[in-house]
Each structure stands twice: as structure tokens, then as C-alpha cells.
Amino acid sequence: MNVPEGEVKFVPKQALSPTPQLYDELVSDSMENLAKASIAFAPIRSGFVINDNGCGTGAASAAVVSSIADQTVDITIKGTDINEDALNIYRKNAADGAWPAEAVNMDSNALKYEENTFSFSIGNALLFVLPNDGIDAVKEMYRTLKPGGKAIVNSWAYVPNMPALEAAAKATPPPGTPLPRAGLEKWSEVDFLQSVVEKGGFQTDQVTIHTADVYVTTVELDHYANMLWSFIGGTTSVGWLKSDEENWDQAIKVIKQELKKTDGYKGLPGGRSLLKLKANIAVATNSESIMILEPDQLEIIAGEDAASKRRRQAFTREIESLEAAIKVLRDDLPSLQQTSAEVPSYLLQPRNEKNSAVVCQELRT
């Protein structure tokens, strides 16, 4: 949820109340589409315990569930947020969608879970609304991840809303009034997102950055512009001004005009619109102590399917049998030498798949 920078002292009569329900209507499918684009770079595997950190009403959890084509995949989702109204909607969405999820009121910057709890953690459109650039939240994601677990966080590289909002803010308030959401420009840079993730504890070589196009389908454009200005227009250090009420209609007009100029804009039936956004997506792996993991834990991380597991186990049994045969032959080597028997050279070579096949053939004959 977005929080104003300044204390709310005056609110224009036209401004819509910024409820979780209105927020969902405003963002439409953009949050779920952002989560889908992010998860594509680190697919969900069976056995995952997942933290949807800063879950809101559940866009990322919905994306996680929809990404699983095989309904037999077993996962658990813990949605955490500090907005109880949003969590109540999350719980309803989880019940309606039969998500394997529960919602817990918990601060992203101070999770109450133990270390090594989660296989996967996602902070969807989270970091840039938190204090300290979300670094404390990333630290908590790192702390609660199991060795080998993955964290995904993202930010907007380009949002067509912001130029439209800035144009409205410049056209209507008195000169010198701060722009809403000033300072968010840094999040458009991939290097900044990388630095935040590294400051959260992840090693440089364990972080990869991706970019992706994300599309959002808006409601009727006039209503969309009113929601956008209601949510963002007063989020400056000075809050809403009396002049914002007087110039409301002008601000809405400017927003609609500017949105139509953006790259990827497309008008849809019913006055709706298609907007194109660009996202920066960071995938980070907690590589700490990964070598202490048990085979079944490594399977979950690697996403080994049942057929691959059976083939691997069969090959492992074959190798073990061959090693036992080689040991027997080596133990008998002195007596074989005494009887001038020739010992095949491959029995003395380091074991590999090729040599094992030779031994197997020799044993058969």
C-alpha cells in the first residue's frame, strides 16, 4: 500500500478514499502480471515453502498458484503484511482460489520466522515503498531463506503513470510545489536494485538482474485517472493543497492526455486502456552452506522431476555395484599377479561413466 510522505491535513472533496479495494482496482492486473514475469525467472518447485513478503491482497500468491500447471505440486505460502484490511482480502482470495496459503500480520522489516524457513521468497513491488530502500526487508528475506533458496524482488524501470502525474503536478499546483513520488527515479536503474539486494546480504555472483515488459488493463480511463490522482497526487512533503481541489478537473484532463502519449498505450472497448510498463527483476540465491544440504533438499532446489530421480537412482545403484566389483578384483590382484593373470588397465583407472560401462561389459562376459 502507498503511504503519503506528508501528514494528511486537507483532502480535496473529489479525492477517492485510498482503501485496499480501490488500490486493487487501480493496479488492476499489473501486480499479478509483474509477479508472473518475475517468477518466470525462478520457477516454483514441489516442496517449496514460500514467503509472499508484503503480500497486500495477494497478487504474488495468485501468480505463484497460477504458475503451477501440475496440481499435484505441493507448496505452502505464508503471506505477510502489516495492513490488516489487505490481509482480510488476501484471506478471502485464498479461500476462493483454494490457495495453500495463510495470511499473517507481520512487518517485512522484522519477520518473526526462524532462520532457514523458506525455500522461496518474493517481494513484489515492495522495496520502493519501504524505508531505507527496502534493505532491511531484503536482510530478512536473506535470513529466513534456506541455503540454496531464492529471493525475487522487483522495481519499475518505466511506469507510464509517473510522467502523466508529473505533468499534472506541474500544471496545477503553485510554482515550487514538490512533485509526488520525487526520488523514485533511482529505482529505474538496474544497478540500484542490484546494490539494494547486495546490501541485504546476497553475494554479487549470486544475484542476476532481468528486465521484462508488463502490461496492465485499466478500467475506464476517466475513473482510472481519478484513482491515480487520488492515490498519488497528495503524496508529497506538503500533502494536498486547497488549489488541488480547485484544479482537480484540469489535473485529470492532463493525466488522460499524457497517458495516451505513452509508449505501448492502446485504447480498448468501453473506455478502458492497455498500458505498457517495464520492470527490473532481481533473482538472488542464498548460497550459504549449500554443501550441507541433504539429497532430498537439493532435489527440491534443483526441481528434479520423478523420472529424472529414478534414472539418477538407478545409475547410482549401478555405480555402487561396479565399485564393489572393482574392489573385489583389486583385493584379488596379488594372487592374480602370482598366477601371471593380466589385470585390465581400466580397473586401475579413476572411475568415470565410460570406464564403468567397460567394467559392466567385462563382468557380463
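Contact, as used here, means heavy atoms within 4.5 Å. The structure is a predicted model, in which local features need pLDDT of at least 70 and side-chain atom pairs count only at pLDDT 80 or more, while totals for chains, interfaces and linings use all residues. Residues are numbered from 1 along each chain as its sequence is written, and side-chain values use heavy atoms, with hydrogens and water left out.

The chain has 14 helices and 8 strands; helices (H or I, at least four residues) and strands (E, at least two) are DSSP runs, numbered from the N terminus. Of its 365 residues, 42% count as buried, where buried means under 20% relative accessible area, exposed over 50% and partly exposed in between (1.4 Å probe, protein chains only). Among the contacts in the chain with a separation of 6 or more, 80% are accounted for by residues 24 or more positions apart.

Helix α2 has 7 buried residues out of 10, so it is largely enclosed by the rest of the structure. These buried residues are S30, M31, L34, A35, A37, S38 and I39. They pack against the helices α1 (20–27) and α3 (59–66) and against the strands β4, β5 (145–158), β6 (207–217) and β8.

Strand β1 is also largely enclosed by the rest of the structure, because 4 of its 5 residues are buried. Two strands are taken to pair if DSSP finds at least two bridges between them. β1 pairs with strand β2 (residues 76–81) in the parallel sense, over 5 bridges. β1 and β4 also run parallel, and 3 bridges join them. Residue N51 stands opposite K78 in β2 and opposite S121 in β4. In a regular strand the side chains alternate between the two faces of the sheet.

The structure holds 9 aromatic pairs. Rings of Phe, Tyr and Trp (its six-membered ring) pair if their centres lie within 6.5 Å; planes under 30 degrees apart count as stacked, over 60 as edge-to-face and the rest as tilted. The pair F48 and F120 is stacked, because the ring centres are 6.0 Å apart and the planes stand at 25°. This pair links distant parts of the chain, 72 residues apart: F48 lies in the loop between α2 (30–39) and β1 (49–53), and F120 lies in strand β4 (residues 118–123). W229 and W240 form an edge-to-face pair, 6.0 Å centre to centre with 75° between the planes. W229 belongs to helix α8 (residues 221–232) and W240 to the loop between α8 and α9 (242–246), 11 residues apart. W229 counts as buried at 1% relative accessibility, as does W240 at 11%.

A nonpolar core is a set of buried Ala, Val, Leu, Ile, Met, Phe, Trp, Tyr and Cys residues joined through side-chain atoms within 4.5 Å. The largest such core has 61 residues, of which I44, F120, W229 and I255 touch the most other members. Its largest share, 8 residues, comes from α8. Leaving aside residues up to four places away in sequence, I255 touches A164, L165, A168, A225, L228 and W229. A second, separate core holds 24 residues, including L127, A151, L193 and A282.

Helix α10 (residues 248–259) has 12 residues and spans 17 Å from its first C-alpha to its last, close to the 16 Å expected at 1.5 Å a residue; the expected span is 1.5 Å times one less than the number of residues. Its buried residues are W248, A251, I252, V254, I255 and L259. They cover an arc of only 160° around the axis, so they lie on the same side of α10; the arc is that of the directions from the helix axis to the C-beta atoms. The buried residues of α10 pack against α6 (161–171), α8, α9 and β8 (273–285).

Residue N286 lies in the loop between β8 and α11 (295–302). N286 is buried, with a relative accessible area of 3%. Not counting residues up to four places away in sequence, N286 touches Y142, L145, K146, P147, G148, G149 and F202.
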